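Trainee: I have a new model open. Can you show me how to read it, one feature at a time?

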Amino acid sequence: MDFIEILKRRRSNYSITDKINISDNELTEFLEEIIKYTPSAFNSQSQRAVLLLDEKHKLFWNQLIEIMSNILKGEQFEKTKVKINGFKAGYGTILFFDDSSTTNGLMEKFPLYKENFKKWAIEQNGMLQSNVWLGLKTKEIGASLQHYNELVEEFVKKEFNIPEAWKLNAQMPFGNVTEAEKEKDKLEMNKRFKIIK
Ligand SMILES: Cc1cc2nc3c(=O)[nH]c(=O)nc-3n(C[C@H](O)[C@H](O)[C@H](O)COP(=O)(O)O)c2cc1C
């Protein structure tokens, strides 16, 4: 697939199924390569990821529904539950983290760049998320990007034995796509991009 074609086809896919067209081994190796070759400031490699499959994927989203039931009431909760069940209907979920021990270590080592390291940690995590999102599309797998971080972080760390220093940044449920996405408005290019010669 052509790069621009992949860029255009990557969308927020909310209607996903519990099937994909590649094996778990192929998926795992694919994700490993993406994690390995996504850049990071000072080559710090602070990005971390966890692939939840099968019952663990379902457990994650069930727990979020449970958490939401204590926060939201009535129709608001019902709507959220439908949305979360949509993520649970997928094949798996990738959790993205930043290893704060790596990032904090660099902040201490290079105090001049302290503030930059905080930003770079988020930027390089976003680069990994984007690479995974695009990469999955090359395998005809659709995904969306979710941010229930503060709500589920404690559960995730305990349940999946995640190091305390890993800071949860995003969740990406994925699976085969069942519905065409609606077109999204795009700003005129001259508002976003200038060519200067
Ligand atoms: C940094 C970032 C945060 C996002 N957070 C969420 C989110 O929490 N929940 C969600 O459903 N979509 C989230 N999105 C998806 C965007 O809403 C979506 O990418 C945008 O509307 C363009 O639509 P498209 O992905 O279909 O091209 C996020 C996207 C980015 C880049």
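Mentor: Start with a contact list. Leaving out neighbours within four places in sequence, Asn-131 is in contact with Ile-34 and Thr-38. Keep in mind that this is a predicted model.

Trainee: Where is Asn-131 placed?

Mentor: Asn-131 sits in helix H6. Sequence distance and spatial distance tell separate stories here. Asn-131 and Ile-35 are 96 residues apart in sequence, and their C-alpha atoms are 8.6 Å apart in space.

Trainee: Why does Asn-131 count as partly exposed?

Mentor: Count neighbours. Asn-131 has 18 C-beta neighbours inside 10 Å, so it counts as partly exposed. A buried residue needs 20 or more.

Trainee: What about Asn-149: which helix holds it, and what does it touch?

Mentor: Asn-149 is in helix H7, residues 149–159. Setting aside residues up to four places away in sequence, Asn-149 touches Leu-168 and Asn-169. Asn-149 has 16 C-beta neighbours inside 10 Å and therefore counts as partly exposed. Trp-120 is 29 residues from Asn-149 along the chain, and their C-alpha atoms are separated by 19 Å.

Trainee: Which residues of H4 are buried?

Mentor: Ile-84, Phe-87 and Lys-88 are buried. They cover an arc of only 95° around the axis, which means they are on the same side of H4. The general idea is simple. An α-helix has 3.6 residues a turn, so residues three or four places apart point the same way.

Trainee: Which exposed residues are on the face turned away from the buried side of H4?

Mentor: That face carries Glu-75, Glu-78, Lys-79, Val-82 and Asn-85.

Trainee: What is Leu-95 in contact with?

Mentor: Beyond its neighbours within four places in sequence, Leu-95 contacts Ala-49, Val-50, Leu-52, Val-156, Leu-168 and Gln-171.

Trainee: Next, the backbone. What should I look for in phi?

Mentor: Most residues other than glycine have a negative phi. Glu-140 has a positive phi, near 65°. Glu-140 lies in the loop between H6 and strand S4 (142–143). Asn-161 also has a positive phi, of about 55°.

Trainee: Where is Asn-161 found, and is it buried or exposed?

Mentor: Asn-161 is in the loop between H7 and S5. Asn-161 is exposed because 7 other C-beta atoms lie within 10 Å. Glu-140 has 13 and so is partly exposed.

Trainee: Last, the ligand. Which residues are around it?

Mentor: They are Arg-11, Ser-12, Ser-144, Leu-145, Gln-146, His-147, Glu-181 and Lys-184. Sort them by class. The shell has one nonpolar, four polar and three charged residues.

Conventions. Residues numbered from 1 in each chain as written. Predicted model: local features only at pLDDT ≥ 70, side-chain atom pairs only at ≥ 80, totals over all residues. Buried ≥ 20, exposed ≤ 12 C-beta atoms within 10 Å, placed from the backbone. Helix = DSSP H or I, 4+ residues; strand = E, 2+ residues; numbered from the N terminus. Arc of directions from axis to C-beta. Near = placed C-beta within 6 Å. Nonpolar A, V, L, I, M, F, W, Y, C, P; charged D, E, K, R; others polar. Contact = placed C-beta atoms within 7 Å.
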